[in-house]
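Try each task before reading its solution.

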Amino acid sequence: MISKVITPSQDLQTAQTRFLDQVRDWAYASIDRYRDALPSDVHDQATYTTAWAPYVAAKGDTRLMDFLCRLRDQIHDHFTETGQWHHGYWCAQEAHHGTEHFDLFLGTLYHLNPDDAHTKAQILDAAEHIGNWAPEIPTWFDESTGLFRSMYLGTRVVRVESGMALNIPDHLRFVSLCLLAYRAGGGSRYLDFAAKYTTRWVCAVLEGDQIPLGLTPQGPLTELVGESEAAYRSFVGMVGHLDDDLDRTENLLASNGIGVMLQLWQLTGQPSFLHAAERLLDLAATQLADPDAGPAADALRTYRRITGSARYDGVLTATFENAAAVRDPYALGELGIVLDTRRSERPHGIGKRADMPEWFEDGQPRRHSPITLSVVAEVRGDPALALRALDLARTYFELARETLPDGRHHGCAANTVSAVARGHGRNNNAGMVTAVLSPLLSQTCSQCPS
């Protein structure tokens, strides 16, 4: 085990500044390491940089923005010139990984600078294939069934062999990209498509006794077998068993399905989007006591901020109080990490991957997620708990920087600095920087001043 002492900050402003400085140092060190590195063939080689966004937004750091824009254009040119992209998107790719560069990396650049024409153009170039809007490209979407034709959708290759027609939560990643394109000026067709397709999932969530794991023209599925299972698992190694409603909810959360439903409720006002998100969040909330389940707490915070509802405040507070009764988060002295963990498969539950390291508090298995602590601090209007969450999250980040690679080699991996900073591939962007530092920087309530 490698350990690091938690050094407390005097106040929230100091804690935020210390954390921002650490993010800056990592970003600058990464620039020094990769400034002259050629683009690789890794599909998500740029997503590790998305955790820099809170620092860039807070400080307006043009050096980092210049690097990110150069990286954007280098990756675009590399994949185009090597024939891996055609017409702005992958020639041949599956639904799980295909959108990651566009939605995560380009989406971050768009939110940092919505006026950048080059970023918007690359987003729209990719998104126009989703609803069959680009000529001379194989059709992705079947209007007669209201479903995508395949799990494997490219601008040259759409695989239609047996087993590939199943629609999975990973297809909702295309909806995320549609909503990004809508915001980037692509027009109402993107919002209309997003609402129409997601409604299929919403109906399956609300009308069935069980949470669906997939959609077919004949109706939703709650069990994955045969050729469809083999096809799905061939490219999503961390999908898990999908044996119960929690597994299937985790799979929807990991592909931002809940976030999509909340955004669509916000944009359209249709109650069914909100009700489906609530059914999924009710299940996710049962996992809050698991310190790996920070992504569930982050999803509840998103719900709370979008709706203004206190629906989950009680379970958040009770979870914190129960954990604090076992181990006082204010009394923690050090964090530890064990790197050489080996698992044959992804553990059951939210926020887990087979390759994630083990974390410890004062030499004991951890009880507290800094993400959950930060959400509870917001619920309670508790600046002391917000301060503790920030200091713990910063220590996680510092220990990760001392022991783990950056994550440029694989943005989804769990054993990287990026996985700690922005979350690994099952965390839906919920990491120590993105789901602790960033929300607390944006928090303007009098109880938790920034």
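A crossing counts as left-handed if the near helix is turned anticlockwise from the far one by less than a right angle, and right-handed if clockwise. The model is a predicted one, where local features need pLDDT of at least 70, side-chain atom pairs need 80 or more, and totals for chains, interfaces and linings use all residues. Residues are numbered from 1 along each chain as its sequence is written, and side-chain values use heavy atoms, leaving out hydrogens and water.

**Exercise 1.** Work out how α11 packs on α12.

Step 1: grab the geometry. α11 (residues 257-268) and α12 (residues 271-284) pack at about 155°, with axes 8 Å apart; axes are lines fitted to C-alpha atoms over the stretch in contact, and angles run from 0 to 180 degrees between N-to-C directions.

Step 2: name the arrangement. That angle makes α11 roughly antiparallel to α12, a label for angles over 145 degrees.

Step 3: check the hand. α11 passes α12 in a left-handed crossing.

Step 4: list who touches whom (heavy atoms within 4.5 Å). On α11, I258, M261, L262, L264, W265 and T268 meet residues of α12, including F273, L274 and L280. By class, that's 12 nonpolar, one polar and no charged residues.

**Exercise 2.** Describe the lining of the second largest pocket.

Step 1: find the centre. Of the 26 lining residues, D292, G351, M356, W359 and R366 lie nearest to it.

Step 2: pick out the elements. α13, β9 (358-361) and α17 (417-422) each supply at least two residues, and β9 gives the most, with three.

Definitions and conventions. Helices (H or I, at least four residues) and strands (E, at least two) are DSSP runs, numbered from the N terminus. Angles under 35 degrees count as roughly parallel, over 145 as roughly antiparallel, 65 to 115 as roughly perpendicular and the rest as oblique. Ala, Val, Leu, Ile, Met, Phe, Trp, Tyr, Cys and Pro count as nonpolar, Asp, Glu, Lys and Arg as charged, and the others, Gly among them, as polar. On a 1 Å grid over the protein atoms alone, a cavity is a set of points where a 1.4 Å probe fits but cannot get out, and a pocket is an open set with protein on both sides within 12 Å along at least five of seven lines; lining residues have an atom within 4 Å of a point.
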